[in-house]
Amino acid sequence: MMGMRPAGLVVLAALVLPVSAEAEQAESILGEWQQIATNAGACPTCRINFRTRDRGIVVSANNGWTATLERTGSTDLTGNGRWDPQGRGWPTGRAFTIRYR
C-alpha cells in the first residue's frame, strides 16, 4: 500500500505544474507596455495596459480602445474589443477582434 502513495503524489504534481506555469505566464504580461506598431502602422506614443478583471484579462490603450481577452492556446490570447464611443474619428464605437501571441 505504501508504494502507491508516492505515485499518487507524482501524478498530482504533474497535473498542477502546467496550470501554475500558465498562470505565471499570463501574469507576466500584466502592466503597461509601449505599443511599437500595429496593422495601422507605427505608434511611438501608444501605450497598452494589461490588467486582470473578474472574467479574465483586459487590455486597454491610451488611444481609446479596450478589449477583454481569454486564453485560446498555450501562448495565444484572443478577445473582442471596442473603440471608445465618446472618441473622435472613424473608429468611434466600432467593435474589433484582437489576438496576442
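Q: Which residue stands opposite Arg 71 in strand 7?
A: Leu 77 stands opposite Arg 71. This is a predicted model, where local features need pLDDT of at least 70, side-chain atom pairs count only at pLDDT 80 or more, and totals for chains, interfaces and linings use all residues. Residues are numbered from 1 along each chain as its sequence is written, and side-chain values use heavy atoms, with hydrogens and water left out.

Q: And what is the bridge partner of Leu 77 in strand 8?
A: Tyr 100 is the partner of Leu 77 there.

Q: What counts as a strand, and as a pair of strands?
A: Strands are DSSP runs of E with at least two residues, helices are runs of H or I with at least four, and numbering starts at the N terminus. Two strands pair if DSSP finds at least two bridges between them.

Q: How many bridges join strand 7 to strand 8?
A: Six, and the two strands run antiparallel. Strand 6 and strand 7 are also antiparallel, with seven bridges. Those two form a hairpin, with five residues between them.

Q: What about strand 5 and strand 6, how many bridges there?
A: Four, again in the antiparallel sense. Strand 5 covers residues 56-61 and strand 6 covers residues 65-71. Val 58 has Thr 68 as its bridge partner in strand 6. Ile 57 stands opposite Leu 69.

Q: Which residue in that hairpin takes a positive phi?
A: Gly 64, with phi near 105 degrees. The hairpin has three residues between its strands.

Q: Zoom out. What is the strand order in the sheet?
A: The order is 1-4-5-6-7-8, in an open sheet of six strands with antiparallel pairing. Strand 1 (31-34) and strand 8 (95-100) are at the edges with a single partner strand each, so one side of each has no neighbour in the sheet. Neighbouring strands are turned by 25 degrees against each other on average, direction ignored. Those angles are between N-to-C directions, from 0 to 180 degrees, with axes as lines fitted to C-alpha atoms (for helices, over the stretch in contact).

Q: Switching to aromatics. How many pairs are there?
A: Three aromatic pairs turn up in a search of the whole structure. Rings of Phe, Tyr and Trp (its six-membered ring) pair if their centres lie within 6.5 Å; planes under 30 degrees apart count as stacked, over 60 as edge-to-face and the rest as tilted.

Q: Why is the pair of Trp 65 and Phe 96 edge-to-face?
A: The planes are at 90 degrees and the centres 5.6 Å apart, so that is how the pair is classed. Trp 65 sits in strand 6 and Phe 96 in strand 8, so the pair ties together parts 31 residues apart in sequence.

Q: Which residues make up the ring cluster?
A: Trp 65, Trp 83 and Phe 96 are linked by ring pairs. Trp 65 also stands opposite Trp 83, which is in strand 7.

Q: Trp 65 and Phe 96: buried or exposed?
A: Both Trp 65 and Phe 96 are buried. Buried means under 20% relative accessible area, exposed over 50%, partly exposed in between (1.4 Å probe, protein chains only). Buried residues make up 21% of the 101 residues in the chain.

Q: Where is Ser 60?
A: In strand 5. Its relative accessible area is 17%, so Ser 60 is buried.

Q: What else is Ser 60 in contact with?
A: Beyond neighbours within four places in sequence, its contacts include Arg 47, Ile 48, Asn 49, Trp 65 and Thr 66. Contact means heavy atoms within 4.5 Å.

Q: Last one. Where is Gly 87?
A: In the loop between strand 7 (77-83) and strand 8. Gly 87 is partly exposed, at 34% relative accessibility. Gly 87 and Asn 63 are 9.0 Å apart, C-alpha to C-alpha, and 24 residues apart in sequence.
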